[in-house]
Amino acid sequence: LGVNAASSTLARLTVRTPVERALDLGTGCGVQVLHLARHCYAVVATDVSRRALACAALTARLNGLDVDLRPGSLYDPVAGERFDLIVSNPPFVVSPGGHHVYRDSGLPGDELSRRVVVDGATGLADGGMLQSLANWMHVSGQQWQERVGEWVAGTGCDAWVIQREVQDPAAYVELWLRDAGDSARPDYVARYDEWLGWFGAQRVQGIGFGWIMLRAT
């Protein structure tokens, strides 16, 4: 993906205090790297897609930036390292799995958003911040604040979570099938029904769009 509304939103949200080390988790073509390089001494960027990393490398070269690009899933490429700032626009779409790398993690439901938070907290230096876009499920019988609150409860971090929008499951499925250009496929109805049926089996009543911010205190 190139620059889009999500990447621009994350760029505007990110705290721009000068720091030593920053991580762009799931860098894509390197949009966040351009911003991080202006106030971070060292920038590491990861992605599960080597094609995306090749695009990020080109972005860095065109702008004369020295960025440490590493292939791998989630925090595997930076295991054991600490960062003053972590930013992520991850493949957060809530689905049974999915196969579009730019939006689907392959993990069920909102597990990817949870892992970005829980595992990311262990990679923060003292006083470090994590800022990520996320989707989360509204499950029958549970407040969304409780669900996301459970993610951060054991991290030892302060958290600020903003839910900017909630979409019902049918509209959500339609949005992402259309986004991927799948609405014209002959199996569109079958895929729509399968995805919507999975939401029903998981007792999902809605999907929240928002931002999660952690601070290691």
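Student: Is W144 buried or exposed?

Tutor: W144 is buried, with a relative accessible area of 15%. Keep in mind that this is a predicted model.

Student: Which ring does W144 pair with, and how are the two arranged?

Tutor: W144 pairs with W136. The ring centres are 5.4 Å apart and the planes meet at 10 degrees, so the pair counts as stacked. W136 is buried too, at 0% relative accessibility.

Student: How many aromatic pairs are there in the whole structure?

Tutor: A search finds seven. One of them is Y172 with W176, an edge-to-face pair with 6.3 Å between centres and 65 degrees between planes.

Student: Where do Y172 and W176 lie?

Tutor: Both are in helix α6, four residues apart, which is about one turn of the helix. Y172 is buried at 0% relative accessibility, and W176 is buried at 12%.

Student: Which cluster do ring pairs link them into?

Tutor: A cluster that holds F92, Y172, W176, W198, F199 and F209.

Student: New topic. Which residues touch the most other members of the largest nonpolar core?

Tutor: That core has 32 residues, and the ones with the most such contacts are L36, L85, V94, Y172, W176, W195 and F199. Elements that each supply at least two of its residues include α2 (31-36), β4 (83-88) and α6 (169-179).

Student: What does L36 touch, leaving out residues up to four places away in sequence?

Tutor: L36 touches R16, A22, D24, V43, L85 and V87.

Student: What other core lies apart from the largest one?

Tutor: One of 25 residues, among them L23, L107, V116 and W151.

Definitions and conventions: Residues numbered from 1 in each chain as written. Predicted model: local features only at pLDDT ≥ 70, side-chain atom pairs only at ≥ 80, totals over all residues. Heavy atoms only, no water. Core = buried A, V, L, I, M, F, W, Y, C linked by side-chain atoms within 4.5 Å. Buried < 20%, exposed > 50% of the residue type's maximum accessible area, 1.4 Å probe, protein only. Contact = heavy atoms within 4.5 Å. Phe/Tyr/Trp six-rings, centres within 6.5 Å; stacked < 30°, edge-to-face > 60°.
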